[in-house]
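Student: Can we go through this fold together? I'd like the elements, then the core.

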Amino acid sequence: MKATKTDDRDDPTDRAGHADRPDLVLRRAVGSDAAEAAEVWLRSYAAALPGVRRAHTDDEVRYWFRELLVPHRETWVATADGTVVAVMVLDGEELDQLYVDPPWRGRGVGDRLVDLAKRRGPAGLELWTFQVNAPARRFYERHGFVAAEHTDGSRNEEREPDVRYVWLPEPA
């Protein structure tokens, strides 16, 4: 995994409210968020992908968040009343992880995170998702991402067919 440098000039929070969740805060994750972010990832993965083999144990996922993602990658959390309800990891122009806690789906949290990702990657973004994850595919397509490549899954740890999506901004 690559580490990305944090630009100290970046605003670490996004407090722009939606009408349905004015108290939702998007902010850079800190060490104390790692455990909650990992649990959101685990619950979301289990709910969205029950038939997809996970390549890592729960404890390995928790370690990944605590030791690698939060301290070394551009990791964002969405919080409501101080509780982490979603997590997003950016790696340059790759939207690497985006997971919303199941009770929070459909409330605009994912929309806000994708909007943030687009602001952070204004030249364009790419991401991978599993082909079987139809709700995620519809979500990304609704946000302007276009399927650019389909694979048989031989290059991912889960060995699950996946699809690479690309978003490019509209020409000015």
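Tutor: Helices (H or I, at least four residues) and strands (E, at least two) are DSSP runs, numbered from the N terminus. This is a predicted model, where local features need pLDDT of at least 70, side-chain atom pairs count only at pLDDT 80 or more, and totals for chains, interfaces and linings use all residues. Residues are numbered from 1 along each chain as its sequence is written, and side-chain values use heavy atoms, with hydrogens and water left out.

Student: How many helices and strands are there in the protein?

Tutor: The protein has 4 helices and 8 strands. Along the sequence they run β-β-α-α-β-β-β-α-β-α-β-β.

Student: And how many residues has the largest nonpolar core?

Tutor: 27 residues. Such a core is a set of buried Ala, Val, Leu, Ile, Met, Phe, Trp, Tyr and Cys residues joined through side-chain atoms within 4.5 Å. Buried means under 20% relative accessible area, exposed over 50%, partly exposed in between (1.4 Å probe, protein chains only). Met 88, Leu 98, Val 109, Tyr 140 and Phe 145 have the most contacts inside this core.

Student: Which element gives the largest share of this core?

Tutor: H3, with 5 residues. Its buried residues include Val 109, Leu 113 and Lys 118.

Student: What is Leu 98 in contact with?

Tutor: Contact means heavy atoms within 4.5 Å. Beyond neighbours within four places in sequence, Leu 98 is in contact with Val 87, Met 88, Gly 110, Leu 113, Val 114, Phe 139 and Tyr 140.
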